[in-house]
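The sequence and structure are shown first.

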Amino acid sequence: MTTDGGTAEGAVPDGGGTTDGERRRLELEKKRERYVWLYLGYFLFGIHIVAFVMIYAVRHAK
């Protein structure tokens, strides 16, 4: 037990603040997550285009 306000291991709690490195990591994570959603949207859109073309080809085949 300490009396200086630190923890038992001697580290001082940060008080809930984020460091500069952690803030940059969170920003990068958000950026990458946006890219994942964009790629997923383009992928799903592309699948629909291919499906419509295939449906058109099957219905108009002789």
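**Briefing: a predicted model**

At 41% relative accessibility, Tyr-35 counts as partly exposed; buried means under 20% relative accessible area, exposed over 50%, and partly exposed in between (1.4 Å probe, protein chains only). The model is predicted, so local features need pLDDT of at least 70 and side-chain atom pairs count only at pLDDT 80 or more, while totals for chains, interfaces and linings use all residues. Residues are numbered from 1 along each chain as its sequence is written, and side-chain values use heavy atoms, with hydrogens and water left out.

**Fold and accessibility**
- The protein has one helix and zero strands, where helices (H or I, at least four residues) and strands (E, at least two) are DSSP runs numbered from the N terminus.
- Of the 62 residues, 2% are buried.

**Annotated segment**
- An unreviewed UniProt entry annotates residues 36–58 as "transmembrane region"; UniProt positions are given in the numbering used here, feature names are shortened, and annotations may be inferred rather than shown by experiment.
- Residues 36–58 are 100% helix and 0% strand, with the end C-alpha atoms 33 Å apart.

**Aromatic pair**
- The count comes to one aromatic pair, taking rings of Phe, Tyr and Trp (its six-membered ring) with centres within 6.5 Å; planes under 30 degrees apart count as stacked, over 60 as edge-to-face and the rest as tilted.
- The ring centres of Tyr-35 and Tyr-39 are 6.4 Å apart and the planes lie at 25 degrees, so the pair is stacked.
- Tyr-39 counts as exposed because its relative accessibility is 59%.

**Salt bridges**
- The whole structure holds four salt bridges, each a side-chain nitrogen of Lys or Arg within 4 Å of a carboxyl oxygen of Asp or Glu.
- Arg-23 pairs with Asp-20, the closest N and O atoms being 2.5 Å apart, and also with Glu-27 (3.0 Å, N to O).
- Glu-29 and Arg-25 form a salt bridge at 3.2 Å between the closest N and O atoms; both lie in helix α1, four residues apart, about one turn of the helix.
- Shared partners join Asp-20, Arg-23, Arg-24 and Glu-27 into one network.

**Nonpolar patch**
- Trp-37, Leu-40, Phe-43, Leu-44 and Ile-47 form a nonpolar surface patch with about 520 Å² of accessible area together; patches are made of residues with over 30% relative accessible area and no salt bridge, like charges being joined within 9 Å and nonpolar side chains (Val, Leu, Ile, Met, Phe, Trp, Tyr) within 5 Å.
- Ile-47 lies in helix α1 (residues 20–59).

Key. Areas by Shrake-Rupley, 256 points an atom, 1.4 Å probe, with all protein chains shown as cover.
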